Amino acid sequence: MQISGIGVGRGVAVGPALRMPDPIGEPPDAESQAEASTEYRRVDEALSTVTGELVELGHKAGGDAEGILEAQSLMAQDPAVVDDIARRIGDGKTSERAVFEAYEEYATVLEGLGENPAARGVDVRDVARRVIARLRGVALPTVPDSDAPFVLVANDLAPADTATLDLTKVLAVVTRDGSTSSHTAILARNKNLVAVVGAKGSDAIVNGQTVIVDAEQGIVVVDPTADAVVAAAERGGRVVAPQPLTPGTLADGTRVPLLANVGSPEEAAPAVALGAEGVGLFRTEFLYLDARSAPPIDLQRSRYRDLMSAFSGRKVVVRVLDAGADKQLAFLGHTHEENPALGRRGIRALREHEGVLRDQLTALAGAQEDTGADLWVMAPMVADVDETEYFVSLARSLGLRTVGITVEVPSAAVLADQIAPLCDFVSIGTNDLTQYTLAADRQLGSVAQYQDPWHPSVLRLIKLIGDAAGASRTPVGVCGESASDPLMAVVLVGLGADDLSMSPGALADVRATLARVTLQQARELAAMALVQRSAADARAAVADAIG
Ligand code: PEP
Ligand code: MG
């Protein structure tokens with residue numbers, strides 16, 4: 001559901017909705033049983049208390065809020081209104097009713113005067129509510145308390161509410177009433193708070209529903225798709241993901257950690273918000289792509305630190321520079337190659353320019369010390385034992401504790417029984433493993449139909465890796481895009497994957513599908529896929545069986 005309103009500012013935020021409690025109700029129009037003088041004394045006392053409260057709130061809030069709340073405090077002393085209240089009490093009204101009617105009339109008069117004074121009607125009614133609460137001896141309904149951040153949804157907000165919002169908790173505000181010149185809007189703008197006011201359909205939002213508040217477009221999206229949440233996060237929004245975010249678990253309780261593929265430290269927060277339990281592939285190319293020379297160690301170290309601190313205490317798998325193929329770098333001596341995907345790519349180029357690799361590993365070891373993150377480091381495009389031994393020993397000598405390789409060249413898959421025991425972990429890159437197994441350039445649209453990891457040839461190579469890793473007790477993950485496909489995720493687990501890494505937007509669907517099968521069932525489904533004759537048959541067989 002999408003609700004339109006008026007956006008304040010350009011920000012975006014995502015989180016669970018929490019409604020402001022209903023405002024204090026209208027006092028009944030019953031005849032007062034008390035003496036008029038008693039009623040009047042009570043009102044007088046309530047008006048002064050409310051005046052004092054508003055002035056004090058204004059002092060505390062400071063800035064524009066101070067002026068707005070001070071002006072509101074004057075409404076509590078406005079002689080015309082005070083006289084009107086006294087007159088109504090004299091006519092036999094209760095103090096509560098007299099206050100309500102007098103301020104209601106004041107608000108209606110203001111509303112008749114055009115846009116700006118109309119917005120002040122909210123402030124006037126808020127004074128009345130405060131005075132009535134005081135007369136009743138009840139607490140004023142205030143912004144709800146919550147341990148977790150939330151999006152505040154209200155009919156309207158009084159300036160005092162907006163001015164005193166706890167911005168560590170309130171991600172955004174949505175109001176049904178209000179306009180760009182309402183004090184809610186002015187104060188929201190002042191506080192850099194994401195807000196959509198005048199959102200007429202917002203009555204339908206219930207507590208706990210996830211909402212995207214997009215001030216730039218003036219819309220509120222209720223129960224958004226995971227992709228929409230990711231897009232909001234990518235625009236720099238504060239995101240608190242839909243609950244609950246349980247860890248990846250099969251139906252029998254087997255844990256399958258679900259990790260995120262990220263390409264820059266800025267993608268870390270959105271991934272965490274979507275429930276990533278760590279990072280399964282951090283592609284580091286972003287640091288090098290526009291550079292004329294390799295970035296200095298200090299700069300790299302601080303960027304790695306940015307990423308790792310978002311995942312403190314959790315696993316972060318970083319892949320060292322994978323240049324070549326579609327990412328050619330002059331400082332790695334790349335020149336024209338007829339088939340660059342089969343050229344000096346990944347570890348091949350790094351080995352020839354060991355200084356670049358050493359600097360990167362040194363920066364990573366430094367960030368590991370800075371953050372205490374559980375850092376795992378791997379090399380791309382490794383083909384055999386020689387390359388594995390080269391990388392593992394170099395990385396360990398530079399202080400990296402957990403070192404492994406990406407298995408994405410079919411040669412490494414075939415030799416997995418030799419390679420896995422040499423590593424602290426292996427991670428299967430199904431994008432390249434598919435391209436090289438089926439000899440189909442992944443950049444070429446004309447052979448795109450071959451780029452299908454469901455192909456039994458690819459699945460059989462994955463099984464070789466899973467079996468070899470299992471035999472040597474080497475943890476094995478999958479970081480290719482195939483892990484984003486919920487059915488394939490089941491098969492990958494059945495073939496031996498211990499964890500899966502994917503685009504953050506896919507986490508929710510994969511999590512839900514894995515929860516439906518046991519490890520035994522995943523193994524049976526994988527066995528079924530392995531004996532099919534084509535990618536389409538393998539996918540169909542698993543889809544049919546899962547139902
Ligand atoms: C892969 O090849 O599967 C992989 C994850 O790496 P990239 O897509 O960056 O080549
Ligand atoms: Mg790859």
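Me: Leaving aside neighbours within four places in sequence, which residues is Gly324 in contact with?
Reply: This is a predicted model, where local features need pLDDT of at least 70, side-chain atom pairs count only at pLDDT 80 or more, and totals for chains, interfaces and linings use all residues. Residues are numbered from 1 along each chain as its sequence is written, chains are lettered from A and ligands numbered from 1 in the order written, and side-chain values use heavy atoms, leaving out hydrogens and water. Contact means heavy atoms within 4.5 Å. With that cut-off, Gly324 touches His334, Arg344 and Arg345.

Me: Is Gly324 buried or exposed?
Reply: Buried means under 20% relative accessible area, exposed over 50%, and partly exposed in between (1.4 Å probe, protein chains only). Gly324 has 1% relative accessibility, so it counts as buried.

Me: Which residues are the protein donors of the magnesium ion (ligand 2)?
Reply: Donors are N, O and S atoms within 2.8 Å of the metal (3.2 Å for Na, K and Ca); water is not among the atoms, so sites may look incomplete. Two side chains supply them at 2.0 to 2.1 Å: Glu408 (OE) and Asp432 (OD).

Me: Where does Asp432 sit in the chain?
Reply: Glu408 lies in the loop between β14 (402–407) and α14 (410–414).

Terms used: Helix = DSSP H or I, 4+ residues; strand = E, 2+ residues; numbered from the N terminus.
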